[in-house]
Amino acid sequence: GHYQVRQLPPSLSTICWDYGALKREQEKEFIQQRILMMDQNVPISLTSRMTEILSSSHEFIRELARDHIVKCSSSASMDESEAFLRARSVVSLRDIQRVFHLTDYFLNHFALEGSNSDNVTHPFRRAMLVSVAIVYYLRLDAAARNIFVQKVNNLPTEQDEECGLLDALGSAIDKVVEETEIPKGISLTLGLKENIFVTLVCTLSRVPLMIIGPPGCSK
């Protein structure tokens with residue numbers, strides 16, 4: 001279920017310190033510098049593209065959370081500004097750092113391969129796309145996933161790319177599932193394939209993972 005953060009009692013207000021939060025442009029600058037720290041040989045154009053993808057994905061999750069909060073709120077008095085403030089905290093720099101941790105893992109310990117027809121996608125782009133999909137895309141339900149992918153695909157930086165978010169993720173999942181021994185009688189559903197993939201990747205890369213859902217969803 002969901003939890004609500006309650007306001008501090010007035011007696012504690014005098015010792016409360018608001019550290020604030022980074023603005024989106026500051027987050028983009030942080031992402032860009034992290035990319036350059038990882039690999040200074042990444043082309044400038046690719047750095048700009050991946051900065052936009054990660055920054056936008058981060059913001060899309062906030063937008064989806066804001067819409068969900070407004071829709072599910074039992075308080076008729078909640079306005080959009082309050083929902084916006086609450087939605088800001090659903091993602092943080094920890095998520096961005098997790099993307100870079102996974103990207104580093106894919107680049108150095110888990111080779112990602114595309115289809116035979118895809119020989120032009122830069123390894124850094126493919127690794128980062130799969131990492132973004134793990135951190136942001138796979139946390140969403142089916143309806144939110146469709147919105148998320150549509151928003152990512154509509155980014156100006158993605159218009160001429162042959163390998164998209166779902167292409168990179170699908171290739172990575174298929175590679176793992178092909179090497180996995182599945183007992184007879186087990187239906188290889190999309191949910192099961194995703195869970196096999198993220199369980200293996202998160203275990204090997206030491207990233208925390210929680211698989212949740214109703215009965216019968218291949219947990």
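**View 1. Leu8, Leu12 and Ile15 form a nonpolar surface patch of about 300 Å².** Patches take residues with over 30% relative accessible area and no salt bridge, joining like charges within 9 Å and nonpolar side chains (Val, Leu, Ile, Met, Phe, Trp, Tyr) within 5 Å. Accessible areas come from the Shrake-Rupley method with a 1.4 Å probe; for residues, only the protein chains shown count as cover. Ile15 sits in the segment before helix 1 (24-38). Ile15 is exposed, at 67% relative accessible area. Buried means under 20% relative accessible area, exposed over 50%, and partly exposed in between (1.4 Å probe, protein chains only). The model is predicted: local features need pLDDT of at least 70, side-chain atom pairs count only at pLDDT 80 or more, and totals for chains, interfaces and linings use all residues. Residues are numbered from 1 along each chain as its sequence is written, and side-chain values use heavy atoms, with hydrogens and water left out.

**View 2. The protein chain has eight helices and zero strands.** Helices (H or I, at least four residues) and strands (E, at least two) are DSSP runs, numbered from the N terminus. Along the sequence the pattern reads α-α-α-α-α-α-α-α. The C-alpha atoms fill a box of roughly 60 × 50 × 30 Å along the principal axes. Of the 219 residues, 38% are buried. The chain exposes about 14,000 Å², with carbon and sulfur atoms supplying 53% of it. Among contacts (heavy atoms within 4.5 Å) between residues at least 6 apart in sequence, 72% join residues at least 24 apart.

**View 3. Helix 4 (residues 93-108) packs its buried residues against helix 1, helix 2 (44-72), helix 5 (123-135) and helix 8 (190-205).** Helix 4 has 16 residues and reaches 23 Å from first C-alpha to last, close to the 22 Å expected at 1.5 Å a residue. That expected span is 1.5 Å times one less than the number of residues. Buried residues of helix 4 include Ile96, Val99, Phe100 and Leu102. Thr103, Tyr105 and Phe106 are also buried.

**View 4. Arg34, in helix 1, is buried yet has no salt bridge.** A salt bridge needs a side-chain nitrogen of Lys or Arg within 4 Å of a carboxyl oxygen of Asp or Glu. The nearest side chain of opposite charge, Asp104, is 7.9 Å away. For charge, Lys and Arg count as positive and Asp and Glu as negative; His and the chain ends are not counted. Leaving aside neighbours within four places in sequence, Arg34 is in contact with Gln97 and Phe100.

**View 5. Glu52 and Lys28 form a salt bridge, with closest N and O atoms 2.9 Å apart.** The pair links distant parts of the chain: Glu52 lies in helix 2 and Lys28 in helix 1, 24 residues apart. Both Glu52 and Lys28 are buried. The structure holds 13 salt bridges.

**View 6. Asp95 makes salt bridges with Arg98 (3.7 Å, N to O) and with Arg139 (2.8 Å, N to O).** Asp95 lies in helix 4 and Arg139 in the loop between helix 5 and helix 6 (142-153), so this pair ties together parts 44 residues apart in sequence. Asp95 is buried, with a relative accessible area of 7%. Arg98 is partly exposed at 29%, and Arg139 is partly exposed at 39%.
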